[in-house]
Amino acid sequence: MTTEPPGSVDLSGTFAYTWDLVGDPAAAERIASLGVGAVVLQAAYHSVRAMTPYHPVHRTVHATHAAAYFPLEPHQWRGRRLRPSPPGWAVDAPDRFGAAASALRSQGLRIEAWLVLTHSTAAGERAPDLTVRNAFDERYGYALCPAQPEVAAYAQQLVHTFCERHDAAEVPTLMLEACGWLGFEHGSHHEKTAGADLSRGCRDLLSVCLCAACRKGIEARGGDPADIAQTVRRTVDAEMRDGVRAPNTFTESLGERAAQALLRHRQFVIEDLTRQVAAVALGRELLLMADGDPQATGPDSGLDLGRFGGRATALVLKCWDDENRAVARVEEAVRDSARPVIANVSVLEAHPADLTRRVARLLAAGARQIRYYHAGLSSPARLRALRMANAQEAVRATAGAGTRTTEGAA
């Protein structure tokens, strides 16, 4: 039997924002009372408007741009076009992450730094040539393309500067979001796309990046980027103008050779980015927000999980949708991948009364643990549901504490 303390894959956890904790002396104890063992705490995050129902000073926070919630040293970013920005909202603290993490550690909670890598409108506006470019030569300004060397270097430097500031003893785990491409789905200000009734296949095609770096990568894997672009435009226009639904899969839309070239390119870039991050995060666990559908784009990286050769201690799968589909997704990931699977469950989406059943089914499907989204955004009724759902994990987590993944820390 091992005497090692449990790692993140052996603990239940919940997400929280720094502004939920900084300035609220009761927040850390409130989160600890949920019975979780870990907190996924925002370290670098995109823009958002969020409720803060329990904070003694503010009720809503509007983060107007992507920001780093730990101190930034100007010399570390000198000469770089892409750089994170500091936050200017909610609370005034030089190291918001550090203050929040210290409060959580005082309650015996393990800290997982939540780092969003390629989602930043502010950075995209400074360097539009480094953003995702669709087949119509249109840019998605919120989406940095990870195939661009400058973007990969930015993501690596972001993690490096965080790790220099907060050592592995304080923050043993990193949760990586947007470690790949964001696509068409985003939710811009005053979104006006729903009425086009786009199919899943059409949205996936609109999410294909054909910037210079992606064209080079696709071509290196046997695809013809110009032909892909032409096919995407033709297929999207057929749906939007003539009502001819786009096929569900890239293979049906683009043909076997082109689809495989595109997916191999994506897989390689995401794997390589995790390796670059791991190289500057030595001694830490890496939890990768992933999607087992290689066509997927968004905060969860679309991958062939069975062939994933990058660095990740565990895979975090979003389970916010239909319960049966979420269970099937976890079962498939557990079957395909040797890495532990953590289920990301939204307390906000489901009816509170259904949460315990959903969590029980996901654990039975093979999920090693649960991450609950989100302690700071939930009503009292949803926090009670979280506490009840988490209670069923306690015995199981204790029993499994001696099991270790062979991947280990990064």
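Helices here are DSSP runs of H or I with at least four residues, and strands are runs of E with at least two, numbered from the N terminus. Keep in mind that this is a predicted model, where local features need pLDDT of at least 70, side-chain atom pairs count only at pLDDT 80 or more, and totals for chains, interfaces and linings use all residues. Residues are numbered from 1 along each chain as its sequence is written, and side-chain values use heavy atoms, with hydrogens and water left out.

Now go to the other end of α8. Aspartate 224 caps the N-terminal end, with a side-chain oxygen 3.1 Å from the backbone nitrogen of alanine 226.

Which residues of α8 are buried? They are Pro225, Ile228, Ala229, Thr231, Val232, Thr235, Val236 and Glu239; buried means under 20% relative accessible area, exposed over 50%, and partly exposed in between (1.4 Å probe, protein chains only). Looking down the axis of α8, the buried residues fall within an arc of 165°, so they line one face of the helix. That arc is taken from the directions from the helix axis to the C-beta atoms. Why does such a pattern work? An α-helix has 3.6 residues a turn, so residues three or four places apart point the same way.

Back on the buried side, the cover includes α6 (200-206), α7 (212-220), α9 (250-254) and α10 (256-279), where contact means heavy atoms within 4.5 Å.

Terms used. A polar contact is a pair of N or O atoms within 3.5 Å; within protein, one must be able to donate a hydrogen and the other to accept it, and residues adjacent in sequence count only if both atoms are side-chain atoms.
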